[in-house]
Amino acid sequence: MDAVVWRNRALVLFDRIPLPVAVCDPYGVVRLANAALAAEWGTTPGRLRGRELLRLFAPSDGTQVDRIVEALRLRRRSRYTVAVTWPGADGAGRRGELMVDPVSETPHALPDLLVMVRTTGAVPAPAQPAAVVLHPNEERILALLAAGATTARAARETGLTTDGVTYHLRRLTRRWGAANRTELVARAYASGVLEPGSWPPQVRSSRSGTGAPEGNPAAR
């Protein structure tokens, strides 16, 4: 009876530890998880039992995991750390480290793993690409190019010289890193400059120019 009482008390204390903690088998499968760990995933401790810890917390460096595997094989009892990332319950990415302590009742037994999770920061959100803003002449040239116009025809339609059209095309290919005119048109569609599904090709009506571009005045 006393053993049962002390076991229940230990479980209560374990669950109240404010730091996320789990007890895993030697292969990293969760046996016990406390409330703080479950909160990282917006769930309950019972729902984490049987889950693989490294599927919950993705290692940033696989060699750190390999080091722990080797330590378990040799029955070593040091503390090891693994840098990890995971999506928080609020949807924001987190990064931190797992602090792993092999524990067992006898020196020669294959140990279980006591794992504590320490958060070190947030995973930066991927930068959003800047909106593509083009000169009105560039938009008109792209629409004409998408319709198959030559440089000479684009010059006639826009009132520019052929050198002026070439100037704008060079600016656009550098900006988008396009290898040729076909790729340039594809990138114009992908960037939302040209309206998908319209023929002849049309510039999106919500776009507006920002004035003449810098550089050669003859190209305006």
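Q: How many aromatic pairs does the structure hold?
A: This is a predicted model, and ring pairs in it link Trp41, Phe57 and Trp86 into a cluster. One of the pairs is formed by Trp41 and Phe57, and Phe57 and Trp86 form an aromatic pair as well. The number of aromatic pairs that the structure holds is two.

Q: Is the pair of Trp41 and Phe57 stacked or edge-to-face, given the angle between the planes of the rings?
A: The centres of the two rings, those of Trp41 and Phe57, are 6.3 Å apart, and their planes stand at 85°. Planes over 60 degrees apart count as edge-to-face. The angle between the rings of Trp41 and Phe57 is 85°, so this pair is edge-to-face.

Q: How many residues apart in sequence are the parts that the pair of Trp41 and Phe57 ties together?
A: Trp41 lies in the loop between helix 2 (35–40) and helix 3 (45–48), while Phe57 lies in the loop between helix 4 (53–56) and strand 3 (58–59). The pair therefore ties together parts of the chain whose separation in sequence is 16 residues.

Q: Which strand holds Trp86, the residue whose pair with Phe57 ties together parts that are 29 residues apart in sequence?
A: Phe57 and Trp86 form an edge-to-face pair, with 5.0 Å from centre to centre and 70° between the planes. Trp86 counts as buried, at 3% relative accessibility. Phe57 lies in the loop between helix 4 and strand 3, so the pair ties that loop to the strand of residues 80–87, which is strand 4.

Q: Which residue in the turn of the hairpin formed by strand 4 and strand 5 has a positive phi?
A: Strand 4 and strand 5 (residues 93–103) run antiparallel and are joined by eight bridges, with Thr81 having Met99 in strand 5 as its bridge partner. Five residues lie between the two strands of the hairpin, and the one in the turn with a positive phi of about 90° is Gly91.

Q: What is the bridge partner of Val103 in strand 6?
A: Strand 5 and strand 6 (residues 112–122) pair in the antiparallel sense, over 10 bridges. In strand 6, the bridge partner of Val103 is Asp112.

Note on methods:
Residues numbered from 1 in each chain as written. Predicted model: local features only at pLDDT ≥ 70, side-chain atom pairs only at ≥ 80, totals over all residues. Heavy atoms only, no water. Phe/Tyr/Trp six-rings, centres within 6.5 Å; stacked < 30°, edge-to-face > 60°. Helix = DSSP H or I, 4+ residues; strand = E, 2+ residues; numbered from the N terminus. Buried < 20%, exposed > 50% of the residue type's maximum accessible area, 1.4 Å probe, protein only. Pairing = 2+ DSSP bridges.
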